[in-house]
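Please walk me through this structure, taking a few of its helices and loops in turn.

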Amino acid sequence: MTNNEIVQKLWNLCNVLRDDGITYHEYVTELTYILFLRIANELETEEKIGIPEEYRWGELVKLDGTELRGKYQEALLNLGKASSTLGTIYRNAQTRIGEPANLKKIFTEINKIEWYSEDKENLGDLYEGLLEKNASEKKSGAGQYFTPRVLIDSIVRIVAPDLGERICDPAGGTFGFIIEADKYLRNKYDDYFGTDERTISDEEREFQETKAFSACELVPDTHRLGLMNAILHDIGGNFIQGDTLSEFGKQLNGFDVVLSNPPFGTKKGGERATRDDLIYDTSNKQLNFLQVIYNSLNTTGNARAGIVLPDNVLFEGGVGKDIRIDLMNKCNLHTILRLPTGIFYAQGVKTNVLFFTRGKGNEKNTKEIWYYDLRSNMPNFGKTNPLTKEHFEEFERTFNNEEKKEKLERWTKVTLEEIEKKDYSLDMGLLKVEDSQEELQNPIENGEECIERLEEALDLLKGILKELDLCGLTTPNN
């Protein structure tokens, strides 16, 4: 079976659980618990990572009914007590599968899958595909932390991380940026330690395996998915769970590279970040993350970042303006990529990628900004018309060639003097002024969204009826 076929097979199993009231996101989390055991069995690493014999795949898959469910719940409880990464993955884990027959079905079907018996390197990509599938389902709610892979790939190629550099994502999600940065380095240096002409010492090897990568994720379940993703891609590092915008996040500093797509929106109830090292006070999460990121870069002169941010960061007044001025003073904000709409699963969100390099000093590092407009005169993107690598081809090919940039319509250079005249608004670089009304949504996607909303409503009604039945408030005639 191909990677996509396995992903689809695993995804189809979620239909088995609909009567148990399992959401898509809960299903992927549940699969994380089960897949970890299955893949550890396939990779023959059960003993190495400390899974007790009684909880290993070969033992669990033999069981049926309530015996399986009881043993599986026991496994989740005890694995969560482990002091290793194993304990982090299973911390506070509990199964939401109430029907033993459904749990057996999941175990049986996963056991039937041919798990790349000859090439097991693709297991990480398989899990990545499952996360992407989850994010593409609007009702899963996972799109809020999932960045399209082709966008991540392009950002990583532009920022070009190198061996020996400390690389961080302070809004880690499922660690997509970390996975791609590692993949980029492995391809560049022949899997880090292969036959590349550069000789890598034991110290460099140890650094790359344990210290090169850092990430922080607020949501425990999302952090769990990210950890699983990193383990399946054989990546180690400092992967912590907590709030980057709190005092906890102050440990994330001194990085050479930051790659991130911070969460959209504001703090609930207008709360401010609780870190005491942020100069500018705001409830806007993107503006807070932007401050955190450019201040977390070291001042060697080569520390750099590629960050996805919504349009409002470019033009918001008041403290937003102050933060943009501070950014342009401390960093060379050399490029802004205006992204098309529809590439994120939150409908209508308009975003950009800011590329900047931290200066050695804190004043007047930005002299001009190059804009690339990938938004104007572009097709409607979505599930039926996804963003592809080809859409970034011209941007990447001409990124470091000023002579070619000047000849292309989508590239625009804006000087600091022009920015000052605009009162430090960075909302520029578009080929045309966009209409105030959004373009009509693709009718196929519109129909799919209507179906999804109806299914959500149906699931909600089923849940209400189930609760009423448990309370004895329904009769056979109702």
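Helices here are DSSP runs of at least four residues, numbered from the N terminus. The model is a predicted one. In it, Tyr-424 sits in the loop between helix H17 (416–421) and helix H18 (443–470). Its phi is near 65°, a positive value in a residue other than glycine.

A second residue of this kind is Asn-92, which is not a glycine but has a positive phi of about 60°. Asn-92 is found in the loop between helix H5 (85–90) and H6. With a relative accessible area of 71%, Asn-92 is exposed, because exposed means over 50%.

Helix H6 (residues 100–112) also meets helix H4 (residues 65–79): their axes come within 8 Å and cross at roughly 75°. H4 and H6 are therefore roughly perpendicular to each other. On the H4 side, the contact is made by Gly-65, Thr-66, Leu-68, Arg-69 and Tyr-72, and on the H6 side by Pro-100, Leu-103, Lys-104 and Phe-107. Five of these residues are nonpolar, two are polar and two are charged.

Helix H12 (residues 285–296) has twelve residues and spans 16 Å from its first C-alpha to its last, close to the 16 Å expected. At its start, a side-chain oxygen of Asn-284 comes to within 2.9 Å of the backbone nitrogen of Gln-286. Is H12 largely enclosed or largely open? Ten of its twelve residues are buried, so H12 is largely enclosed by the rest of the structure. Among the buried residues are Leu-287, Phe-289, Val-292 and Tyr-294. The elements that cover the buried residues of H12 include strand E4 (257–260), strand E5 (304–310) and helix H14 (319–330).

Notes:
Residues numbered from 1 in each chain as written. Predicted model: local features only at pLDDT ≥ 70, side-chain atom pairs only at ≥ 80, totals over all residues. Heavy atoms only, no water. Helix = DSSP H or I, 4+ residues; strand = E, 2+ residues; numbered from the N terminus. Expected span 1.5 Å × (residues − 1). Buried < 20%, exposed > 50% of the residue type's maximum accessible area, 1.4 Å probe, protein only. Contact = heavy atoms within 4.5 Å. Polar contact = N/O pair within 3.5 Å; in protein donor to acceptor, adjacent residues only side chain to side chain. Axes fitted to C-alpha atoms, helices over the stretch in contact; angles between N-to-C directions. Parallel < 35°, antiparallel > 145°, perpendicular 65-115°, else oblique. Nonpolar A, V, L, I, M, F, W, Y, C, P; charged D, E, K, R; others polar.
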